[in-house]
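Please work through each task before reading its solution.

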Amino acid sequence: MDATEIKQRVGYEAVDRTVRSGMKLGLGTGSTAVHAVRRVAELMERGTLTDILAVPTSFGTRIECQRLGIPLRDLNDPDIDGHLDLSIDGSDEVDPDRYLTKGGGGALLIEKLVEYNSDRLVVIVDESKMVSRLGERYPIPLEVVPAARRTLEKAVVRFGARPELRMAVKKSGPVYTDQGNVILDLYFNEAFDPVELERELNLFPGAVENGIFTKVRPMVIIGHSDGRIETLE
Ligand code: A5P
C-alpha cells in the first residue's frame, strides 16, 4: 500500500470502530486526520451516523468540515460545554509509552485543547511514526507569542534543544499559527523526559503550548505498508 492508502485505511478504521451517533467529536488536522473527517461525512450522508457535532482543531479542518457539511461547534458552545466524547487525530511521533509529538501542521494548541478535553483520543498513524524516543525524527514544536521569540530561542538551549523558527513555504517570513503566534521547532540529539519537558516548556513567559502530549493515553491505530492494521491501547 502507498502512503495515501495507508492514511485512508487508518482514518476509516478509526471512525468505523469508535464513532457512534450522537457523539461530540474532536476532529484533528493533517494528511491522515482528513481521511477520518471524510469518513465521518460519508457515514453521515449514508444515514449510518446521526446527530454528530464536531469541533475542528484548525482552520484547515474547519474548511474541510464546512465543505462536507459536518455540523461544527466551538468548545465554548453550550451544547459542547468544553467537553467532547472522542477525538481522532494524526501524530508526528508515537513512543513506546504512547506519548506523542504533534504540531507538524502547526495546529498543536487547539489540538491539545480539544484532545485533553475528550473522554477518548484515537491516534491514526502509519508505521513510520513509531519511534523509540520522541524527537527522534521530528522536532518538538513550541508555539510562542511573536514578542517572545528571541528570549525563548535562548531559554530552550538549557534543555539541550536547538531551536529553529519555522518558516513559511509559500510566503516570505515565518509561519503564523491560526492564533497568530510563531513556532520554534526544537531539535534534540538526545532523549529527554517527555512528561517533564511538556511541563517545563510551558512555564516560560510567552510560551503558549508545546507539541508533547503525555497526559492522554490514546488508542493508537497503526497502518503498515503490507496492509496490516495494528492497534495499541
Ligand atoms: C497538525 O498540527 C499535526 O499535529 C498533525 O496531526 C500531525 O502533524 C500529523 O500530520 P500528518 O498526518 O499529515 O502526518
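This is a predicted model: local features need pLDDT of at least 70, side-chain atom pairs count only at pLDDT 80 or more; totals for chains, interfaces and linings use all residues.

**Exercise 1.** State which residues make the contact of α2 with α3, and how they divide by class.

*Solution.* From α2, the contact is made by V34, V37, R38 and A41. On the side of α3, the residues are T61, E64, C65, R67 and L68. Sorted by class, the contact has 5 nonpolar, 1 polar and 3 charged residues.

**Exercise 2.** Describe the largest pocket: what is its volume, and which elements supply its lining?

*Solution.* The volume is about 240 Å³. The lining has 14 residues, with V55, P56, R62, D74 and I110 nearest the centre. At least two lining residues come from each of β2 (53-56), α3 and α4 (108-115); α4 gives the largest share, 3 residues. By class, the lining comprises 7 nonpolar, 4 polar and 3 charged residues.

**Exercise 3.** Describe the second largest pocket in terms of its space and its lining.

*Solution.* The second largest pocket holds about 200 Å³ of space. Its lining is formed by 18 residues, and T29, G30, S31, S91 and D92 lie nearest its centre. This lining divides into 3 nonpolar, 10 polar and 5 charged residues.

Notes:
Residues are numbered from 1 along each chain as its sequence is written. Side-chain values use heavy atoms; hydrogens and water are left out. Contact means heavy atoms within 4.5 Å. Helices (H or I, at least four residues) and strands (E, at least two) are DSSP runs, numbered from the N terminus. Ala, Val, Leu, Ile, Met, Phe, Trp, Tyr, Cys and Pro count as nonpolar, Asp, Glu, Lys and Arg as charged, and the others, Gly among them, as polar. On a 1 Å grid over the protein atoms alone, a cavity is a set of points where a 1.4 Å probe fits but cannot get out, and a pocket is an open set with protein on both sides within 12 Å along at least five of seven lines; lining residues have an atom within 4 Å of a point. Grid points are joined across faces, edges and corners, and a volume is the space filled by probe spheres set on the points.
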